[in-house]
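User: I'd like to learn how to read a protein model. Could you walk me through it feature by feature?

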Amino acid sequence: MRHVAALAGVGIKTVSRVINGEPNVSAATTAKVLAAARTLDYEPDLQAGNLRRADGRSRTLGLLVSSVDNPFAGSMHRAIEDAALERGVAVFASSLDDDPDREQQAVSTFLRRRVDGLILTTVSESQAYLAPELRRGTPVVFVDREPAGITSDSVVSDNAAGASAATRHLLERGHRRIAYLGDRPNIRTAQERRRGFFDELGAAGVPTRGIPVIEGLHDAESARHATLDLFRGDELPTAVFSSQNLVTIGVIRALRELGRHRDTALVGFDDVPLGDLLDPGITVIAQAPQDIGRIAAERIFARLDGDTSPATRTVVPTRLIERGSGEITPRPEG
């Protein structure tokens, strides 16, 4: 920093103010300092900067998502990053992989880097381990899945209502033997979607004892194998509700392998890449990950700006997109 100050012909405090984005520095002086920094390949020591910065902020957020290669998580991540960039804040992102140990390791790593706030998708049975951070004033916003063991802001999809809408859509087209292919049952979103599915069947008076249910699926390949096994049975389903986008991809592949993609209805929870380009197109219950990410960013920055109001739970609606696969009617028997 001393070298930058000497080259720019200003004091060290002026360099510090420019690097930290503080006000009341003229445009001309700012330009000189930044030009000197570029010439010298100067990179500020962020940890040292934290210690000196008046507000104690690191200008970073920790973001934990299910998996950075999942399209839902990717869209949510981008929305958060866009909002953070406008405020000069960097986002550190990590994948959860639905592993409770990995969840706590990632959170611990974020906190060691002294992030200003946390936006988290979690899988542990309880997030009470975050209570000390909340008491210290670290803002935490939960996305996709609500927390347990603590009270904090959350932004989630209306999972039960979305699953009910998918099931109702298939029932209205005459289906009664609808297979349910679900994610790991310990995940809260999976629990809510399963509940919505069975609640809708019950409301329609459809017996649920013989309904095929396969859970514990978490990727496309496991869902593909499960679907292939399902169609080796004697009583075949006329429709499938897949409760997660990667599961839906596996079902699509299996139905096409079997040549059943034109006579077996399919509705998936969450959109899938290129789902509108297939024949038939894939009918889905679409979430709004960009809205979830945007709202989560708004909440975290509101907390950082001093909002001390009670924790809020924001539910983002889902919507049914008809593309063809969910509009297939049951096969004639015999």
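Analyst: We'll go through a sheet, some helices and a few salt bridges. Keep in mind that this is a predicted model.

User: Let's start with the sheet. In what order do the six strands come, and is the pairing parallel or antiparallel?

Analyst: The general idea: strands of a sheet pair through backbone hydrogen bonds, either parallel or antiparallel. Here six strands form an open sheet with the order 2-1-3-4-5-11, and the pairing is parallel. At the edges sit strand 2 (90–95) and strand 11 (313–316), each of which pairs on one side only. Going from one strand to the next, the twist averages 15 degrees.

User: How many bridges join strand 1 to strand 2?

Analyst: Six, with strand 1 (residues 60–65) and strand 2 running parallel. For one example, find L64: its bridge partner in strand 2 is S94.

User: Which strands does helix 5 lie across?

Analyst: Helix 5 lies across strand 1, strand 2, strand 3 (117–120) and strand 4 (140–143). Its direction is at about 165 degrees to strand 2.

User: Now a helix by itself. What span should helix 11 have, and what does the model give?

Analyst: Count 1.5 Å a residue: helix 11 (residues 245–258) has 14 residues, so it should span 20 Å. Its end C-alpha atoms are 20 Å apart, which agrees.

User: What happens at the start of helix 11, and what comes just after it?

Analyst: At the start, a side-chain oxygen of Q244 comes to within 2.6 Å of the backbone nitrogen of L246. Just after the helix, G259 has a positive phi of about 70 degrees.

User: Which residues of helix 11 are buried, and what covers them?

Analyst: The buried ones are N245, V247, T248, G250, V251, I252, A254 and L255. Their cover includes helix 5 (71–86), strand 6 (178–181), helix 10 (220–230), strand 8 (239–242) and strand 9 (265–269).

User: What about residues that are apart in sequence? Which ones is L7 in contact with?

Analyst: L7 is in helix 1 (residues 2–8). Setting aside neighbours within four places in sequence, L7 is in contact with A36, T39 and L40. Take T39: it is 32 residues from L7 in sequence, yet the C-alpha atoms are 9.2 Å apart in space.

User: On to salt bridges. How many are there?

Analyst: The count comes to 25. For pairs inside a helix, here's the general idea: an α-helix has 3.6 residues a turn, so residues three or four places apart point the same way. Look at D82 and R78, which both lie in helix 5, four residues apart, about one turn. They form a salt bridge with the closest N and O atoms 2.9 Å apart. D82 is partly exposed, at 35% relative accessible area.

User: Where is the pair D291 and R294, and how far apart are the closest N and O atoms?

Analyst: That pair is in helix 12 (residues 289–304), three residues apart, so about one helical turn separates them. D291 is partly exposed at 33%, and R294 is partly exposed at 37%. Elsewhere, salt bridges that share partners join D153, R299, R303 and D307 into one network.

User: Which parts of the chain does the salt bridge between E257 and R224 link?

Analyst: The side chains of E257 and R224 meet at 2.4 Å, N to O. This pair links distant parts of the chain: E257 is in helix 11 and R224 in helix 10, 33 residues apart.

User: Is each of those two buried or partly exposed?

Analyst: E257 is partly exposed, with a relative accessible area of 47%. R224 has 17%, so it counts as buried, the cut-off for buried being under 20%.

Definitions and conventions. Residues numbered from 1 in each chain as written. Predicted model: local features only at pLDDT ≥ 70, side-chain atom pairs only at ≥ 80, totals over all residues. Heavy atoms only, no water. Helix = DSSP H or I, 4+ residues; strand = E, 2+ residues; numbered from the N terminus. Expected span 1.5 Å × (residues − 1). Buried < 20%, exposed > 50% of the residue type's maximum accessible area, 1.4 Å probe, protein only. Contact = heavy atoms within 4.5 Å. Polar contact = N/O pair within 3.5 Å; in protein donor to acceptor, adjacent residues only side chain to side chain. Pairing = 2+ DSSP bridges. Axes fitted to C-alpha atoms, helices over the stretch in contact; angles between N-to-C directions. Salt bridge = Lys/Arg side-chain N within 4 Å of Asp/Glu carboxyl O.
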